[in-house]
Amino acid sequence: MIKAVRGTRDILPPDTALWNHVETIVRDVFRTYNFQEIRTPIFESTELFARGVGEETDIVSKEMFTWEDGERFNEKGMIDEWVKKNQSGDPARVEPGRVNVYRTGAWLSELNRLGIQLHVLRGITVPPGSMSSNEEFVTFRPNVSANAIESLIRVRDEVRKKYAQDFGHSAISLRLVVPAEAAKGSPWVSTDEVEVEAFPGNYFSSSQSLTLRPEATAGIVRAYIEHKLGDRGLNKLFCIGPMFRRERPQKGRYRQFYQIDAEVIGPASSGSDSPARDAEVLEMLATLLDRLGITGWTLELNSVGNSAERVKFNEALRVALEPLKDKLCGDCQRRAVTNPLRVLDCKVPEDQPIIDTLPRISEFLEEDSKKHFAAVQEILKSVGIEFTINSRLVRGLDYYTRTAFEFTHGALGAQNAILGGGRYDGLSEALGGPAAPGIGFAIGEDRLIMTLAEKTPAESVLRKPDVYIAPMAAMNVAAARLARELRRHDLVVELGDENFRLKKSFEAATKAGAKYILIVGENEVKADTFALKNLATGEQIQVPFSELAAKIQQGRIQPG
Ligand code: HAM
């Protein structure tokens, strides 16, 4: 059995109802803050994340799904060139891309079955049955692998046998033509069985390194630069979708997970660097969590300073770590040299007392950053959003400047961050774009749902069928008409089948969780009045067709 890959999972009904419920509320709340949706590709060039998120982060250094794309073999180009060069005799008989079926006959399908494509049959002009010594089959391959040669040898033998039977002689040779690079410099490689011809020219398109997005911010800022979204002033964008990180899977941590990401970005003239934006984003998050019915969260806040302050802080950390680093875990020993800020992220319990002695970013903030951070806090207090300052909160991505935050929740255990975010005032410039301060966050949707599911079971937000239509014998047509009519009234209708016995229909209706069952028999259709039975109470009433939708709708609002 083929199973979902480790770290990925299927989200099945009824759970999907809870996901939709969350996303509907998210969209509702975001709309009232004037956010608009952006959809960026799921993969981007690797360089975007290396430059945006930072080479030294865990995400970029160990967790990305990256591959080389390209090295595509231009098969047609090579065949065309080869044919041009090798054409001899009657050109009409050289048919690129096609085997001369007249000659090859039935065994062509045998070759295909073996996965061998013969693109060109070159050479002879003689009719079948006559002798020829230069019959040659040519196949084009981007690479010469041992397998390719082995299977060609096998085919050659089969073809020979068949050929001898059909045409009375066995002269046939097989040649593999490959781009020169793939033949590793030798113009002709002969295995005594198959000749490999290295064909000059470049038939590979160049490759590029691509990566499944581990997060959304870099892609959104890329789109901001590419489409000059700064011309629109302040952009408030959100994006919901899958992200990919090769982390060790555990509860609340997946290799494909979902984020609800929002970003506020624009030229400074649009007010994008104002502390009012930071506070607005945080207040929106508090509102969203409240609307979802999630209580007991904690907002942890810090300022990680601007890039100049960060440089000084990093240097101070480097110096402070120098005599201490040997006592820290292996990762921290490396980080102490490459990116000391990351040491503050360390979760290894033994390291914590040492890390607690390190300098704090707050000591390195200059007046502007201090004022900015104080202004954010002031607004938050005035709108009644509680928070705690965590001076060790630096976040796992390198683009952050000034405000950084996380919302945590006790119910999540070790992976307790429901969401994280912050300011990234220099990111656009780091990616080659204009100055464009920004702030944003990403909610881990999987974790949000986990927190929510404790109180709100998926079943409770699932819309079950209002009515199950049970057609009696030969009543499928009438039932379909009825279903169409009821669905036009926005009722959820499940449709049975005329071959079901009534008992089976009742069972199916109950299993589907339908509120009513509607029996459609010949008499009912004639009388245009139907038996509508409430499956919970057992109450059954006769309802004229014209009143059916209203009656069922009524039942929906006042259950029972
Ligand atoms: P992040 O902290 O790397 O930030 O991820 C945000 C959230 O995504 C985390 O708090 C967590 O809930 C969830 N998450 C991360 N990794 C996993 C995983 N393997 N499985 C399940 N959930 C996970 C960012 O991604 C930034 N781009 C946020 C941001 C937006 N900053 C500014 N704008």
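What follows is a short walk through this model, stop by stop.

**The whole chain**

Before you select anything, keep in mind that this is a predicted model. Show the protein chain as a cartoon: there are 20 helices and 21 strands in it. Of its 560 residues, 48% are buried. Now think about contacts between residues at least 6 apart in sequence: 70% of them join residues at least 24 apart.

**Stop 1**

Select proline 13 and proline 14. The peptide bond joining these two is cis, with omega at about 5°.

**Stop 2: two helices crossing**

Select residues 15-32 for helix H1 and residues 275-292 for helix H9. At what angle do H1 and H9 pack? The angle is about 140°, and the axes are 10 Å apart. Angles over 145 degrees would count as roughly antiparallel, but H1 and H9 are oblique to each other. Their crossing is right-handed.

Next, show the side chains where they meet. From H1, pick Val22, Ile25, Val26, Asp28, Val29 and Phe30; from H9, pick Met284, Leu288, Arg291 and Leu292. Colour this set by type and you get 8 nonpolar residues, 2 charged ones and no polar ones.

**Stop 3: the open sheet**

Hide the side chains and look for an open sheet of 8 strands. Trace across it in the order S1-S10-S11-S16-S15-S14-S12-S13; the pairing is mixed. Which strands are at the edges? They are S1 (36-37) and S13 (388-389), and each of them pairs on one side only.

To see a bridge, select leucine 301 and its partner in S13, isoleucine 389.

**Stop 4**

Now select residues 401-409, which is S14. Is this strand enclosed or open to the outside? All counted up, 9 of the 9 residues of S14 are buried, so the strand is largely enclosed by the rest of the structure.

With S12, S14 pairs in the antiparallel sense over 7 bridges.

**Stop 5: two residues inside S14**

Zoom in on threonine 403, in S14. It counts as buried because its relative accessibility is 1%. Setting aside neighbours within four places in sequence, show what threonine 403 touches: Asp278, Leu301, Asn302, Ser303, His372, Val376, Gly422 and Arg423.

Step back to arginine 402, also in S14. Its relative accessibility is 17%, so arginine 402 counts as buried too, as the cut-off is under 20%. Most residues other than glycine have a negative phi.

**Last stop: a loop**

Finally, jump to the loop between helix H17 (476-488) and strand S18 (493-495) and select aspartate 490. Its phi is also positive, near 65°, in a residue other than glycine.

Methods:
Residues are numbered from 1 along each chain as its sequence is written. This is a predicted model: local features need pLDDT of at least 70, side-chain atom pairs count only at pLDDT 80 or more; totals for chains, interfaces and linings use all residues. Side-chain values use heavy atoms; hydrogens and water are left out. Axes are lines fitted to C-alpha atoms, for helices over the stretch in contact, and angles run from 0 to 180 degrees between N-to-C directions. Helices (H or I, at least four residues) and strands (E, at least two) are DSSP runs, numbered from the N terminus. Angles under 35 degrees count as roughly parallel, over 145 as roughly antiparallel, 65 to 115 as roughly perpendicular and the rest as oblique. A crossing is left-handed if the near helix is turned anticlockwise from the far one by less than a right angle, and right-handed if clockwise. Contact means heavy atoms within 4.5 Å. Ala, Val, Leu, Ile, Met, Phe, Trp, Tyr, Cys and Pro count as nonpolar, Asp, Glu, Lys and Arg as charged, and the others, Gly among them, as polar. Two strands pair if DSSP finds at least two bridges between them. Buried means under 20% relative accessible area, exposed over 50%, partly exposed in between (1.4 Å probe, protein chains only).
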